[in-house]
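Dear colleague,

I am handing over the structure we spoke about, with the sequence beside it. Please look it over first; my notes on what was found follow below.

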Amino acid sequence: EHHPETKSKMAASTILAAIAEDMGKFYDLSDGGLENITLLFSDIAQAPVPLPTVLELLGITEDEARAAGPGLKATKPMLEAAITKSIEEDDTPDQYVKVFKQHILRLSNANKVMSEVGESLKALHASVDGDLGKIEAFFCDLAPEPHTGKPMPPGMINALIRVGPDATTCPVEAFLDCMCRNLDPNDTSEHLIPNIKKHTA
């Protein structure tokens, strides 16, 4: 009779072997950013995983997180240890491989698209002086049908870009980060460029 802990250790070693290469790719693409790691864990758990739980899995204390601020990053060994801790005895490699592949696809596409349109997005932001109303209009035109061009609910652009509720402008980094976070694997530069041109004053 296997002890449950032995079973979860056996599951962990099988799964870690199956995802080793993908974990490396994910880590390089995400640069150890907490946001991407939190999204990854939420997809593995198939439920939102709160940041404090992710920090605990990574072995980062709240004081360390506060001291590092928004630039907080996890190391690759931290990520590996956190994944190991989250593996349960009846988990299968497929569950993990599928999630890692989806995230690699999204991140590699986002990085590719941002490298192609980053300069144009900076020019758009500069031309409207970071005005959130104008940036909202740009995002609304990117929304899929039937939402294309329709205004967002009040306060939503502030939440999306992660600026205070009273802000009327945003820094260029916040705009670029928001764009990068919200790019889907099927988004292309070809689709974005006409909209970027249209909204560049």
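This is a predicted model: local features need pLDDT of at least 70, side-chain atom pairs count only at pLDDT 80 or more; totals for chains, interfaces and linings use all residues.

Residues are numbered from 1 along each chain as its sequence is written, and side-chain values use heavy atoms, with hydrogens and water left out.

F138 and F175 form an edge-to-face aromatic pair, with 6.1 Å centre to centre and 65° between the planes; rings of Phe, Tyr and Trp (its six-membered ring) pair if their centres lie within 6.5 Å, and planes under 30 degrees apart count as stacked, over 60 as edge-to-face and the rest as tilted. Because F138 lies in helix 7 (residues 132–142) and F175 in helix 9 (residues 172–181), the pair ties together parts that are 37 residues apart in sequence. Ring pairs also link F138, F139 and F175 into a cluster.

The structure holds four aromatic pairs. In another of them, the ring centres of F26 and F100 are 5.7 Å apart and the planes stand at 90°, so this pair is edge-to-face. The pair links distant parts of the chain, F26 being in helix 1 (residues 4–30) and F100 in helix 6 (residues 93–127), 74 residues apart, and both F26 and F100 are buried.

As for the fold, the chain has ten helices and zero strands (DSSP runs numbered from the N terminus, helices being H or I with at least four residues and strands E with at least two). Of the 201 residues in the chain, 40% are buried.

Helix 2 and helix 5 (residues 76–86) pack at an angle of about 20°, with their axes 12 Å apart; the axes are lines fitted to C-alpha atoms, for helices over the stretch in contact, and angles run from 0 to 180 degrees between N-to-C directions. The contact (heavy atoms within 4.5 Å) is made by I37, L40, F41 and I44 of helix 2 and by L79, A82, I83 and S86 of helix 5. The buried residues of helix 2 include I37, L40, F41 and I44, and just after helix 2, Q46 takes a positive phi of about 55°.

Notes. Buried means under 20% relative accessible area, exposed over 50%, partly exposed in between (1.4 Å probe, protein chains only).
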